[in-house]
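User: Hey, I've got a structure open here and I'd like to talk it through. Can you help me find my way around?

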Number of protein chains: 2
Amino acid sequence: VTVTPASPPADLAGLAARVQAGDKRALARVISWVENGDPRARLVLRVLRPTGGEARVIGLTGAPGAGKSTVTSALVRAFRARGNRVAVLAIDPSSPFTGGALLGDRVRMQEHATDDSVFIRSMSSRGQLGGLAAAAPQAIRALSAAGYEVILVETVGVGQGEVEIASAADTTVVIVVPGMGDVVQAAKAGILEVAAVLVVNKADRPDTQGTVRDLRAMVALASGEWRPPIVATTAITGEGIDELLGQLDRHEAWLDSSGERERRRLARTRDQVTAMALGLLARRLAVPDELAARVADGRCDPVEAAEELLAALGVRSG
Amino acid sequence: VTVTPASPPADLAGLAARVQAGDKRALARVISWVENGDPRARLVLRVLRPTGGEARVIGLTGAPGAGKSTVTSALVRAFRARGNRVAVLAIDPSSPFTGGALLGDRVRMQEHATDDSVFIRSMSSRGQLGGLAAAAPQAIRALSAAGYEVILVETVGVGQGEVEIASAADTTVVIVVPGMGDVVQAAKAGILEVAAVLVVNKADRPDTQGTVRDLRAMVALASGEWRPPIVATTAITGEGIDELLGQLDRHEAWLDSSGERERRRLARTRDQVTAMALGLLARRLAVPDELAARVADGRCDPVEAAEELLAALGVRSG
């Protein structure tokens, strides 16, 4: 059994207090620890509590080029106009090859860089125990404790990872551009069924109405109590952002009236704990050379080998 | 301990014999079992042995629209011209929303549909224990046992899943089109470092030379003993396919001379067994309501909860 101290060391308690007082540098350090899987993250997060209720977490996803950063930036502006403090967590898949340096699209956020009530932060998908499914909720918790009332979680690309990240938010906005390519990709990635609102951005392009129609047909096939509305936007001019905000508010109200918010909160926590447990276990699983050779040669089947491996760790067979 | 029979039931032994005799329907059935996680897959795979040595497995990946199906089809033609029996395993991420029905791009393969020495099969990414990292090697094993000498594994999109699938092949071809978009996406997804050969397809487009130059610069930054060559192709006309084939042969020879083939074989087996062990465990992990509520309320941190969960399964703390 891992023994953890009942309270963090004094310097970590001081850091936590600074985060809750709104110190951006302290907050950035905690998120870096989460990102890198630093054990100090746990100790700080343990004492961080949301000061003014839970933050509203909105995920934004879509293919590269769909205009996620522009929509995000327009939403920052809209929530700031309501007087909310807003955080943007931009999640990028990183690679040892590029070192995650390709964040050129973050320039869209420059207009908010000098606003003291806006916090913008990128987070990569390496290093954390349990991957982003486990890390995103921790970063969100830190942002919430720092007093950000709205947290926009922007992800890059569509795919399984994005579905995971989207599930860290109660409300997910899926952004496509006119033309079927993005719609097909989003559908393939299973992202349509997690959408709270579907946005067709760059709605000044031809074929916008065709894409809206295609999406409507796909949404009609989906099951589920919430049927995602489809909003056409031209985020660069702000066109359609008010309607998007209205639909987000409608979804927010539905989360409470339907009891869905509490269900999602528990489901998300279960996913986070499961991902962490698998992450902890993955670190302890070492396939011995001899066992790998037996499987590679076909003398042992991989499921048997997997059972053998689990048995060696003490896992009872199921 | 799971008790497995020493030999499969007679009907499964008969099915295995039919697979090894080249019966396509028997082969298709075994791959369906692998795809769906049917336990009979294990029993059949256990007795299937490659008849004429191990198959040559070549992975093909790249963004949608890069022309993967066209390059794959051109390679089928090239290997058929050498007299090889060729299998194509097209791996698509599937979604409960679409039911994996969006396989329109498979039409490129129509020209090979009547060739008895070519086997084409799609496989989706749901249902298998341990996901595609575990399932792809099993499907490859069945294809190899059925006498296919060359197995082309084509994946959709770039992302972590594709890196996993690519690692099921000894030789991976990464396909991009002229213009930086694909190159950046591929780099972000970490796919460049797994490439044996980089293909710039649709080389009749302007900017081909610029893209080749950018790729060369990125490759120069990569570490590793094998520096992937860059081949420009126009797969639709067959332009560049001979050069691609030559580079694939060169990589094939390097795999043996460097000892890399054996290293990869063992590393792949380790990944497969680890993925299966985690898959087995994921099925047994059930986060109790009470524990989820404690974490959601901040009364217990997720790592502690994960340790508690593992302890309940009998896993010794590490």
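Analyst: Among contacts in chain A between residues at least 6 apart in sequence, 76% join residues at least 24 apart. Keep in mind that this is a predicted model, where local features need pLDDT of at least 70, side-chain atom pairs count only at pLDDT 80 or more, and totals for chains, interfaces and linings use all residues. Residues are numbered from 1 along each chain as its sequence is written, chains are lettered from A and ligands numbered from 1 in the order in which they are written, and side-chain values use heavy atoms, with hydrogens and water left out.

User: How many helices and strands does chain A have?

Analyst: Chain A has 12 helices and 7 strands. Those are DSSP runs numbered from the N terminus (helices: H or I, at least four residues; strands: E, at least two).

User: And what share of chain A is buried?

Analyst: Buried residues make up 57% of its 318 residues. Buried is under 20% relative accessible area, exposed is over 50%, and partly exposed is in between (1.4 Å probe, protein chains only).

User: Is A:Ser144 buried or exposed?

Analyst: A:Ser144 counts as buried because its relative accessibility is 7%. It lies in helix α5 (residues 131–145) of chain A. The C-alpha atom of A:Ser144 is 5.3 Å from that of A:Ala55, although the two are 89 residues apart along the chain.

User: Switching to chain B. Which residues of strand β6 are buried?

Analyst: In β6(B) (residues 197–200), B:Val197 and B:Val199 are buried on one side, and B:Leu198 and B:Val200 on the other, so both faces are covered. In a regular strand the side chains alternate between the two faces of the sheet.

User: Which strands pair with β6(B)?

Analyst: Strand β5 (residues 171–176) of chain B pairs with β6(B) in the parallel sense over 4 bridges. Strand β7 (residues 230–232) of chain B also runs parallel to β6(B), joined by 3 bridges. Pairing here needs at least two DSSP bridges between the strands.

User: Last one: at what angle do α1(B) and α2(B) pack?

Analyst: Helix α1 (residues 10–20) and helix α2 (residues 24–36) of chain B pack at about 120 degrees, with axes 8 Å apart. Axes are lines fitted to C-alpha atoms over the stretch in contact, and angles run from 0 to 180 degrees between N-to-C directions. Among the contact residues are B:Leu15 of α1(B) and B:Trp33 of α2(B).

Technical notes:
Contact = heavy atoms within 4.5 Å.
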